Amino acid sequence: MRKINNPLQWGFLRSFVTLAIFPVGAAFAPSISANQRISRQAGFNKFKHLRRHPTNPLFSETENWTLRTAISNGNARSISPVSRSPLMYVVDDLLSSQECADAIDGLRPNCQPTPEGQAVKKKILQILDDILPGPPDMGRWLVRYIDYDTIESPEPDAPKAEELLPEGLHVDTNNSHLFRYVTALIYLSGEGDAGGGATVFPLALPIGVREADTDGLSAARTLLSNNVHHTRWTDAPADLAGILEGEAAKTFVCRGNSSSASGIRVVPKRGRICLFYTRTAESGEIDPRSYHGPEAVYDSFGKTKTVLTAFREIDRKYFDSFEEFSDCVKAGHLDGKEIKVPLLEHNV
């Protein structure tokens, strides 16, 4: 393993060692025989071969050919990133209004899933797997269904940070999910207009905006160096968390544009998806600009805001060190490339 000089890697290392040594991690990182280790390394070498030759097919034989068929038939569209740090794509009309309704009715927690809801979930993950590079089994998806209730008050012009961000800001390695590297937010409600409820990335660097160090970026880096992945954690320094959340309030005030030098707000719109990377392609480390959080949903929004969140994390079988983990992240990273998505009428 390479020498770790960057404090951003220590949180990963602590989690890695804990999972490998203590019994609580035994199910996650079991001991393996020499033959199993050789087999796992052979699989990883094959995976690296695919990464070195991007012209090779990224998937083995599969029945999920929706996106490929759409591309070959000329029924796909190209999407460019809206932010280079964190790398972020926003795609409209990934789902139809009916599919969004099916997902809301059929995937709600504590309710019996419906075939229609399960079909929408399968379709979303199939498209995401087709978009992302790397072998199909490199990562696994965790999908969460989230409802955000509205606040019975009008949308303010300049809210305080603690009012605008009832849940604070976080990176998606929060709660010890340190192997996550990319997230998709699928909005099932919203018309893309007023009412708050946006997902705010206060430090995001829109395409075309020059990079500059700010107090917010410095605060984010310091939080990560102290292994603080959420501004509302009890051990989060109040001054640093306040600076970071203050950047989100500035982004809200500048909401006349979807993006500005002060960050990006992704406004809820039915069928919209926001795909972004928590980790960078260059080093595999957590991108401090990926701190984000949901804004309060004001009564002008309408009904409840509903989102499906899909987290992808690297499967443990592909790495034994942070260096190998970084290789995995790089192989699964779009690294600023255009992506292809189906046109809605062919997105079946």
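How many bridges join strand S2 to strand S3, and in which direction do the two strands run? Before I answer, please keep in mind that what we are looking at is a predicted model. Strand S2, residues 83-85, and strand S3, residues 87-91, are joined by two bridges and run antiparallel, and within that pairing arginine 84 has leucine 87 in S3 as its bridge partner.

Stepping back to the sheet as a whole, this is an open sheet of seven strands, paired antiparallel, whose order reads S4-S14-S6-S11-S3-S2-S8. Its edges are formed by strand S4 (139-148) and strand S8 (205-206), each of which pairs on one side only.

Let me stay with strand S3 for a moment, where methionine 88 has its place. Methionine 88 counts as buried because its relative accessibility is 0%, which is under the 20% cut-off. Setting aside neighbours within four places in sequence, methionine 88 is in contact with Pro81, Val82, Ser83, Phe201, Ala204, Ile264, Val266, Cys274, Leu275 and Phe276. From methionine 88 to aspartate 335 the C-alpha distance is 9.9 Å, although 247 residues separate them in sequence.

Turning to the nonpolar cores, the largest has 42 residues, and those with the most contacts inside it are Leu128, Ile186, Leu188, Leu275, Ile314, Leu334 and Ile339. Helix H5, residues 115-131, supplies the largest share of this core, with six residues. Apart from this core lies another, of 23 residues, including Val171, Ala220, Ala249 and Ala296.

Finally, isoleucine 339, not counting residues up to four places away in sequence, touches Arg77, Ser78, Ile79, Tyr89, Val91, Ile131 and Leu334.

Note on methods
Residues numbered from 1 in each chain as written. Predicted model: local features only at pLDDT ≥ 70, side-chain atom pairs only at ≥ 80, totals over all residues. Heavy atoms only, no water. Core = buried A, V, L, I, M, F, W, Y, C linked by side-chain atoms within 4.5 Å. Buried < 20%, exposed > 50% of the residue type's maximum accessible area, 1.4 Å probe, protein only. Helix = DSSP H or I, 4+ residues; strand = E, 2+ residues; numbered from the N terminus. Contact = heavy atoms within 4.5 Å. Pairing = 2+ DSSP bridges.
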